[in-house]
Amino acid sequence: MNPEVAVKIFEAGKSAGADFVEIFEEETRSSSLGIKSSQIETATAGTEYGIGVRLLYGTEVLYGFTSDDSEESLIKLVKTLAFGRIAGMQNSNDTLDTNGALGTNAAAFEFAPEKRVCDFNAAAYQDPRVLGQAVKQDFLFRADKAARALSPKIAQVGASVTDSCSAITLMNSEGLHLEMTRGRLRVNVNVTATDGTERLTTHEAPGALGGYELLANYSPEDLATECGERVLRMLDAGYIAGGQMPVVMGNGFGGVIFHEACGHPLETESVRRNASPFCGKIGEAIGQPCLTAIDDGTLDGVWGSLKYDDEGTPAQRTTLIENGILKTYMSDRVGAAEVGIALTGSARRESYKYAPVSRMRNTFIAPGKDTLDSMIASVDNGLYAARMAGGSVNPATGEFNFAVDEGYVIRNGKICEPVRGATLIGKGHEIMPRISMVGSDFAMAAGVCGASSGHVPVTVGQPSIKVDQILVGGR
């Protein structure tokens with residue numbers, strides 16, 4: 001983006017009465033290679049380019065985007081957004097001038113020194129755009145071979161490696177000029193087993209910031225073996241009898257429940273709409289003293305990290321809950337202004353097609369002092385949810401329903417037979433006060449979160465935790 005063109009866009013926006021004008025220019029190259037049935041199934045690659053323009057009138061947001069980077073097209077976009085706003089206002093005194101802009105008071109603009117940042121380790125980066133898709137093949141076929149060697153019951157193996165690299169220019173009418181380079185790579189291994197009558201599938205999908213150098217960090221054999229052994233255990237398991245009971249939740253992806261049922265309601269995007277059970281509760285106890293929860297965008301190389309958010313605010317570590325006390329929310333520019341809290345560097349968007357809103361980055365329950373063994377020993381009859389799967393949640397109420405991917409009965413303080421078909425049902429704000437033990441075996445897992453600003457890479461995490469009582473659904 002030529003700064004001189006950017007200034008003209010700012011002038012058009014300010015002339016249209018906007019308090020703030022922002023330009024988000026993005027070019028993303030992505031590729032994916034996947035196998036199924038021991039052969040290449042998908043091979044895709046592409047580049048997407050576009051520019052998004054945001055106008056703020058106080059906390060009112062107007063947003064539009066285009067793939068035409070000409071000055072004429074961008075000025076027209078600004079005028080179209082502004083005209084639409086005026087056309088929708090009743091009893092407005094604003095009028096369009098002969099050039100199609102609103103008003104005549106354009107401000108002078110001066111950019112701060114340009115900042116260039118890279119979210120990954122550039123010195124170690126092995127660029128997928130240079131090396132090509134063939135680099136991925138060995139990883140995929142090794143995973144396939146390892147899983148199929150486990151048992152004749154392994155019916156299908158799928159594996160993929162997906163990468164992306166984005167070049168982003170972010171400018172705004174306050175003088176920000178930021179050039180960001182972002183790169184991510186994620187692998188996925190899924191294994192299906194059958195006993196002739198039923199089929200079960202499980203998967204592992206780690207990811208991180210960087211390029212093909214990350215493939216050396218993941219063993220395809222280990223990922224495939226972990227998936228295969230898990231699905232075989234669950235294939236032979238019986239079904240759980242449901243009911244209210246204590247549950248010990250495993251580390252890592254177990255944090256998906258906190259992410260969905262508590263994390264989303266702690267975003268100002270929910271709070272400012274009064275669509276969160278945590279509205280107005282900063283400073284109040286919402287959990288026991290053992291519970292601390294954090295959203296951290298600064299973790300080096302971690303999947304959900306970023307140096308600056310999608311409004312140009314530096315990423316930071318945000319303590320959401322400390323020793324059971326709600327400390328703050330995750331905020332973007334609009335949410336921070338409406339809710340009355342500081343910016344937390346949490347503004348995110350999938351691409352130039354979306355206006356940014358407050359979103360999670362790497363969100364997790366912090367490690368505690370308990371051990372998994374002590375949690376299990378404290379339960380007479382309950383469930384050990386060793387690994388969680390997907391589910392659904394209503395962010396406004398915190399109501400959730402999540403499947404347990406790998407579960408075991410706890411009986412007389414011991415882990416007993418495996419069980420399948422379990423679901424965890426509850427409300428996030430009601431479950432948090434029931435977390436009575438927090439382990440030290442912290443782990444994280446990569447994921448993708450969908451919300452109003454599209455799908456963004458996030459990380460969930462936690463150590464093992466004990467929930468004193470939760471509704472477990474069974475067959």
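pLDDT is the predictor's confidence in each residue, on a scale from 0 to 100. Welcome to this predicted model, in which local features need a pLDDT of at least 70, side-chain atom pairs count only at pLDDT 80 or more, and totals for chains, interfaces and linings use all residues. Residues are numbered from 1 along each chain as its sequence is written, and side-chain values use heavy atoms, with hydrogens and water left out.

**Confidence**

- The protein has an average pLDDT of 94, and 95% of the residues score at least 70.
- Residues 94–106 are a stretch to treat with care: pLDDT stays under 50 there.
- For that stretch the model has 23 contacts beyond four places in sequence, a contact being heavy atoms within 4.5 Å.
- Where pLDDT is low, the predicted coordinates should not be read in detail.

**Aromatic rings**

- There are six aromatic pairs in the structure; rings of Phe, Tyr and Trp (its six-membered ring) pair if their centres lie within 6.5 Å, and planes under 30 degrees apart count as stacked, over 60 as edge-to-face and the rest as tilted.
- F400 and F402 form a tilted pair, because their ring centres are 6.1 Å apart and their planes stand at 50°.
- Both of these residues, F400 and F402, are buried, where buried means under 20% relative accessible area, exposed over 50%, and partly exposed in between (1.4 Å probe, protein chains only).
- Two arginines have a charged end over a ring: R85 sits over Y57, 3.8 Å from the ring centre, and R333 sits over F20, 3.8 Å from the ring centre.
- For a charge to sit over a ring, NZ of Lys or CZ of Arg must be within 6 Å of the ring centre and within 35 degrees of the ring normal.

**Cysteines**

- The structure has zero disulfides, a disulfide being a pair of cysteine sulfur atoms within 2.5 Å.
- C262 is in no disulfide, and the nearest cysteine sulfur, in C290, is 13 Å away.
- C262 has 3% relative accessibility, so this cysteine counts as buried.
- For C279, the closest cysteine sulfur is that of C262, and at 14 Å it is too far for a bond.

- D236 lies in the loop between α5 (220–235) and β9 (238–239); helices (H or I, at least four residues) and strands (E, at least two) are DSSP runs, numbered from the N terminus.
- D236 is exposed, at 58% relative accessibility, and its side chain joins that of K153 through a polar contact of 3.4 Å.
- A polar contact is a pair of N or O atoms within 3.5 Å; within protein, one must be able to donate a hydrogen and the other to accept it, and residues adjacent in sequence count only if both atoms are side-chain atoms.
- S346 belongs to the loop between α8 (333–339) and β14 (347–348), and with a relative accessible area of 0% this serine is buried.
- The side chains of S346 and T344 make a polar contact of 2.7 Å.
- Beyond its neighbours within four places in sequence, S346 is in contact with several residues, including D295, D309, M330 and R361.

**Positive phi angles**

- Most residues other than glycine have a negative phi, and most peptide bonds are trans.
- S37 is not a glycine, yet its phi is positive at about 55°; S37 is in the loop between β1 (20–36) and β2 (39–57) and is partly exposed at 41% relative accessibility.
- N412, also not a glycine, has a positive phi near 55°; N412 lies in the loop between β18 (399–411) and β19 (414–420) and is exposed, with a relative accessible area of 60%.
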